[in-house]
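Please have your viewer ready.

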Amino acid sequence: MRTDEPAKVIRWGILGCGDVAERKSGPALYTTPNSQLVAVMRRDAAMAEEFARRHGAARWYGDVESLLADSEVDAVYIASPHNRHLEHLQQVAASSKKMILCEKPMGTSAAQAQAGADVCRAHGTSLTVAYYRRFWPIVQAMAGLLAEGELGEVVAARVLLLDHTGNGRAWYNTAAASGGGALANGGSHWVDLLRYLLGEIVSVWADMRPSATASEVEETADVHLVSAGGAVASLLTSWRPAVPINELEIIGTAGRMLASPLSEGRLLLQRRGREPEERRYPRAVWMHGDLIAALVPCLLAGQPSPLPGEDAVAVWRIMEAAYRATREGQRQRVV
């Protein structure tokens with residue numbers, strides 16, 4: 001970006017234009033106001049070119065260095081496999097002045113997530129992690145209801161996430177590449193949501209089951225969490241069932257709300273002394289759309305990230321406590 005006048009648009013480059021960029025995030029980068037997709041990178045340059053042509057990007061590259069050398073790229077969206085996140089964060093932060101949006105869960109461990117956040121801070125690089133569900137209108141509405149005390153004191157919460165698509169990418173099934181299975185992949189979004197809505201998580205108990213195939217990671221995870229405020233929560237996630245379900249229920253002393261499916265913006269609200277109420281909220285056309293719409297104005301104004309790298313660290317610490325609990329067979333503190 002030019003430094004002699006305020007920027008009016010964020011020009012994006014994608015580092016790793018695979019499945020997530022194709023189906024969820026890529027279109028959000030060029031359909032959001034004041035946001036443009038100008039370049040993409042993939043190690044297979046021919047596939048990068050195909051992606052660029054499908055999505056209207058002017059340039060494509062087969063190596064990271066060329067993307068970072070592109071002076072018309074203001075911000076880089078890192079959508080590479082989890083085990084490449086830290087390497088790519090280091091490259092972008094150290095060799096360019098470009099802002100970063102990194103896919104969740106940001107690395108394969110809390111240590112990697114912390115290292116990524118640290119290197120960006122050391123170089124003065126703006127870093128945002130793509131836990132995009134926080135920004136969906138239904139989640140913002142649920143946060144508002146909790147803040148207004150509509151449910152009273154929160155007692156419990158429940159997540160059910162059945163996502164058969166997790167088995168579709170080979171590297172997802174490799175512990176070294178993904179950091180985990182159903183929990184570390186799709187489940188991490190919901191850990192973030194529970195933390196966002198209930199507050200800090202202080203202890204975790206979990207039980208996990210491996211895939212019936214040759215996968216190295218868990219196919220099913222049953223996780224039980226306790227918040228600093230004393231609320232208990234359960235998160236059951238599995239790749240195995242063929243029927244997709246994503247729902248979030250929060251129960252308080254004065255009411256209950258059930259988002260089912262959360263992705264469709266459907267909310268059932270029940271409050272003491274009042275008739276049940278069904279509400280519908282806008283559904284994001286592209287999964288990342290509401291995050292990008294919130295992020296771009298912050299980047300243009302030079303404001304802090306609305307979802308900094310430290311949030312990725314916090315989610316990883318919770319997930320690591322769940323993995324320890326499974327190995328050791330007892331509840332774990334989140335550290």
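Which residues does His85 touch, not counting residues up to four places away in sequence?

## Around His85

His85 touches Ile78, Ser80, Cys102, Glu103, Lys104, Pro105, Met106 and Gly107, leaving aside residues up to four places away in sequence; contact means heavy atoms within 4.5 Å. A polar atom of the His85 side chain lies 2.9 Å from the backbone oxygen of Ser80. His85 belongs to helix 4 and is buried, at a relative accessible area of 0% (buried means under 20%, with a 1.4 Å probe and protein chains only).

This is a predicted model, where local features need pLDDT of at least 70, side-chain atom pairs count only at pLDDT 80 or more, and totals for chains, interfaces and linings use all residues. Residues are numbered from 1 along each chain as its sequence is written, and side-chain values use heavy atoms, with hydrogens and water left out.

## The largest pocket

The largest pocket holds about 620 Å³ of space. Of its 31 lining residues, Gly16, Gly18, Ala79, Ser80 and Pro81 are the closest to its centre. A pocket here is an open set of points on a 1 Å grid where a 1.4 Å probe fits, with protein on both sides within 12 Å along at least five of seven lines; lining residues have an atom within 4 Å of a point.

Helix 1 (19-31), helix 2 (45-55) and helix 4 (85-95) each give at least two residues to this lining; helices are DSSP runs (H or I) of at least four residues, and strands (E) of at least two.

## Strand 7 and its partners

Strand 7 (residues 154-162) runs antiparallel to strand 11 (residues 245-252), joined by eight bridges; pairing takes at least two DSSP bridges. Strand 7 runs parallel to strand 10 (residues 232-238), with seven bridges.

Note on methods. Grid points are joined across faces, edges and corners, and a volume is the space filled by probe spheres set on the points. Buried means under 20% relative accessible area, exposed over 50%, partly exposed in between (1.4 Å probe, protein chains only). A polar contact is a pair of N or O atoms within 3.5 Å; within protein, one must be able to donate a hydrogen and the other to accept it, and residues adjacent in sequence count only if both atoms are side-chain atoms.
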